[in-house]
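Here's a quick briefing on how the inside of this protein is put together. Have a look at the model first, then read on.

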Amino acid sequence: MTVDEKLFLEDDVELPSGLFHKKMGSITIPPQLNNAKEWVLAKRESLRPWQEFGNYNRASKPGNIAVISRRVTHNVTYYYTNYAFISALLIVYCIISSPLLLLAIVVSGTACYLISTQKEGKTLQIGGHTFTPKDQAMVCACISLPLLFFASAGTVIFWVIGLTCSVVGVHASMMQLPNEDGTEFEMNESV
């Protein structure tokens, strides 16, 4: 354990092995976050400019279902990261706007984190009962699920899915394809 890792810890606290991996300035980063950081950086590079995403000069009413299909297929793959970002903002908005849901997520997440960072084989004894980490995870799930149910997590999930599908569907069907100049595609028949 380095001096940086002991900075705010008392001498009798042991850290799980492999918790601290790389240093970023004076902050140590767990190795699990390195993969998440690389994934976020890769997605950030594929993010299309918001001026292009919101360029409503390219928006037009589609002529028929075939045009809608082509536009949605192209635009969903082209603006995938932008749509994911909008979905993430909707999720954050829902969590922040519901204090009970925020509390339920924090309590459940903290309990799961504490259980996962225990040493292998460490048990907990309460009132003469011994709980293994697997039992502790089951108790955490049995407490978290009703807590999330009463915090309306299901409603939030379906609200976000519905609104995201609506926003993506409308945007993707209205934005013209790059080779589309306002006229419909011509169907060429070859015999």
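Which helices do the buried residues of α5 pack against? They pack against α4, α6 (133-150) and α7. This is a predicted model, where local features need pLDDT of at least 70, side-chain atom pairs count only at pLDDT 80 or more, and totals for chains, interfaces and linings use all residues. Residues are numbered from 1 along each chain as its sequence is written, and side-chain values use heavy atoms, with hydrogens and water left out.

**Helix α5**
- Helices here are DSSP runs (H or I, at least four residues), numbered from the N terminus.
- α5 has 18 residues and reaches 26 Å from first C-alpha to last, close to the 26 Å expected (1.5 Å times one less than its number of residues).
- Leu101, Ala104, Ser108 and Ile115 are buried in α5 (under 20% relative accessible area, with exposed meaning over 50%; 1.4 Å probe, protein chains only).
- These residues sit on the same side of α5 because they cover an arc of only 70° around the axis, taken from the directions from the helix axis to the C-beta atoms.
- On the face turned away from that buried side, α5 carries the exposed residues Pro99 and Leu114.

- Leaving aside residues up to four places away in sequence, Ala153 touches Leu101 and Leu148 (heavy atoms within 4.5 Å).

Technical notes: Helix = DSSP H or I, 4+ residues; strand = E, 2+ residues; numbered from the N terminus.
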